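Below is a walk through helix packing and aromatic pairs in one model. Have the sequence and the coordinates open while reading.

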Amino acid sequence: MSTSANTFTELYGRAPEGEWAAPGRVNLIGEHTDYNDGFVLPIALPQTVRARAARRTDGVLRLWSAQGGGPVTELRVADLAPGAVPGWAGYPGGVVWALREAGYRVDGADLRLDSDVPSGAGLSSSAALECVVAAAYNDLYGLGLSAPELALLAQRAENAFVGVPCGIMDQMAAMCCRPGAALFLDSRDLTIRQVPIDLAAAGLALLVLDTRVKHDLGDGAYAALRSGCEKAAAVLGLPALRSLDAAGLPAALTRLPAELQPLVRHVVSENARVQAAVAALEAGDPAALGPILTAGHASLRDDYRVSCPETDLAVEAALAAGAYGARMTGGGFGGSVIALVDATAADRVAAAV
Ligand code: ADP
Ligand code: MG
C-alpha cells in the first residue's frame with residue numbers, strides 16, 4: 001500500500017477543510033486518582049494524533065486511519081449507538097455520538113487520521129484520537145465548546161460508546177497540556193494549573209520506556225478497582241476518596257474491610273504524592289521528583305496491584321542503572337515506564353532497561 005494513494009484528496013476526492021492535532025501524554029504522578037476526584041500531573045508527548053477533516057451534509061461519517069490497517073469505514077451518523085461500532089472507529093464514532101447526545105446538531109464528515117502516538121502503550125492514544133475528532137468537530141461546526149467541555153464529551157465517548165470506564169485525566173491532558181508545563185489537574189472540578197517544568201535546564205531527562213506488553217486482565221480489573229474505590233467511599237460516607245487525606249487515613253482504614261484497605265491507602269498516598277511533586281517543581285527542584293515516582297510505583301505494585309513483572313523489572317533496572325526515580329505510568333498491567341535520569345545517563349539507563 002503506497003502512502004501516496006492515501007492522501008485526504010485521494011481518499012475522498014476533495015480537499016480537507018483543516019488539520020487538527022492532539023498529543024499523547026505521560027502521567028508524571030497521580031495514577032488511578034482521577035476517578036476518585038483526585039489529583040493528576042500529566043505532560044504532553046511530542047507525539048500526536050492528527051486529523052484532516054471536511055464536513056458532509058448527508059449524514060455519513062467516513063473514517064480512515066493510517067494505523068487502522070483497512071479501507072475507509074463508512075458510518076451513518078443517525079445509526080451511531082453504544083456497542084454498534086466495532087474496532088477503532090468506535091472512538092471517533094463515539095465522539096460524534098456524544099456530541100449529538102448532548103444536543104449539538106452535527107452532521108457527518110470525512111476524516112483522515114494519522115498518528116505517531118504508540119497505541120496500547122499506556123500513552124493515551126485513545127484519548128488523543130477522541131480529542132482530535134472533538135476539536136475538529138468543534139471548529140468545523142462552530143460549536144464554541146471549551147477545552148474541558150470537549151474533554152468531557154470525549155470521555156463520554158470512551159465510557160459510554162466504546163465501553164471503557166476511564167477517568168478524565170487522559171482527555172484533559174490531550175486538550176489542555178501545554179509545552180514546557182505539567183498539567184496539575186484537580187479531577188473534582190477540572191480546575192487546572194500549568195506547572196512549568198524544564199528538565200533540560202536541570203540537566204535531567206525523562207525516559208519513556210514502552211514495555212510492549214499489555215495483559216488482557218486489564219479491562220475487567222480496571223472496572224473492579226474503580227468500583228472497589230466507590231464502595232470504600234460509600235462505607236466511609238464520602239462523595240469520593242479524594243475527600244480523605246493522610247491525617248484521616250489510619251482511622252478510615254479501621255472502618256474498611258481488609259480487601260478495600262490497600263486501594264484506599266494507594267489513592268490517599270498518591271494524591272499526596274501529586275501535591276509533593278507540584279511543590280518540588282515549583283521550588284525549582286525537579287530531581288526531587290525521583291523518590292516520589294519510585295514511591296508511587298511501590299504503591300501501585302503493592303497496594304493497588306496493577307503492576308506486572310515486566311514493568312517491575314523495567315523500574316528496577318532503571319533504578320539500578322542510576323535513575324533518580326522510576327515508575328509504571330498509565331492504568332497498568334503492562335504499558336510504559338518512566339524514569340527520571342541525568343541527561344548524560346539517558347542512553348545508559350535505556351540500554352540497561
Ligand atoms: P492507549 O490509550 O494507552 O494507547 P487504549 O487501549 O486505550 O490504549 O487505546 C488504543 C486503541 O485506540 C487502539 O486499539 C485503537 O483502537 C485506537 N487507536 C489509537 N490510535 C489510533 C490510530 N492512529 N488509528 C486508529 N485507531 C487508533
Ligand atoms: Mg487509552
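**Helix packing and aromatic pairs**

Helix 8 (residues 261-282) packs with helix 9 (residues 289-304) at an angle of about 170°, their axes 10 Å apart. Helices here are DSSP runs (H or I, at least four residues), numbered from the N terminus. Axes are lines fitted to C-alpha atoms over the stretch in contact, and angles run from 0 to 180 degrees between N-to-C directions. The angle makes helix 8 roughly antiparallel to helix 9 (under 35 degrees counts as roughly parallel, over 145 as roughly antiparallel, 65 to 115 as roughly perpendicular, the rest as oblique).

This is a predicted model: local features need pLDDT of at least 70, side-chain atom pairs count only at pLDDT 80 or more, and totals for chains, interfaces and linings use all residues. Residues are numbered from 1 along each chain as its sequence is written, chains are lettered from A and ligands numbered from 1 in the order in which they are written, and side-chain values use heavy atoms, leaving out hydrogens and water.

The contact (heavy atoms within 4.5 Å) includes Arg265, Glu270 and Arg273 of helix 8, and Ile292, Gly296 and Asp303 of helix 9. Its residues divide into eleven nonpolar, four polar and four charged. In this scheme Ala, Val, Leu, Ile, Met, Phe, Trp, Tyr, Cys and Pro are nonpolar, Asp, Glu, Lys and Arg charged, and the others, Gly among them, polar.

Among the residues in contact are Tyr91, Val95 and Leu99 of helix 2 and Leu129, Glu130 and Tyr137 of helix 3. The division here is nine nonpolar, one polar and one charged.

The structure also holds five aromatic pairs. Rings of Phe, Tyr and Trp (its six-membered ring) pair if their centres lie within 6.5 Å; planes under 30 degrees apart count as stacked, over 60 as edge-to-face and the rest as tilted. One of the pairs, Trp97 with Phe161, is tilted, at 5.5 Å centre to centre and 45° between the planes. Trp97 lies in helix 2 and Phe161 in helix 4 (residues 147-162), so the pair ties together parts 64 residues apart in sequence. Both Trp97 and Phe161 are buried (under 20% relative accessible area; exposed is over 50%, partly exposed in between, with a 1.4 Å probe and protein chains only).

Tyr137 and Tyr141 form a stacked pair, 5.2 Å centre to centre with 25° between the planes. Tyr137 is buried at 0% relative accessible area, whereas Tyr141, at 22%, counts as partly exposed.

How values were computed: Helices (H or I, at least four residues) and strands (E, at least two) are DSSP runs, numbered from the N terminus.
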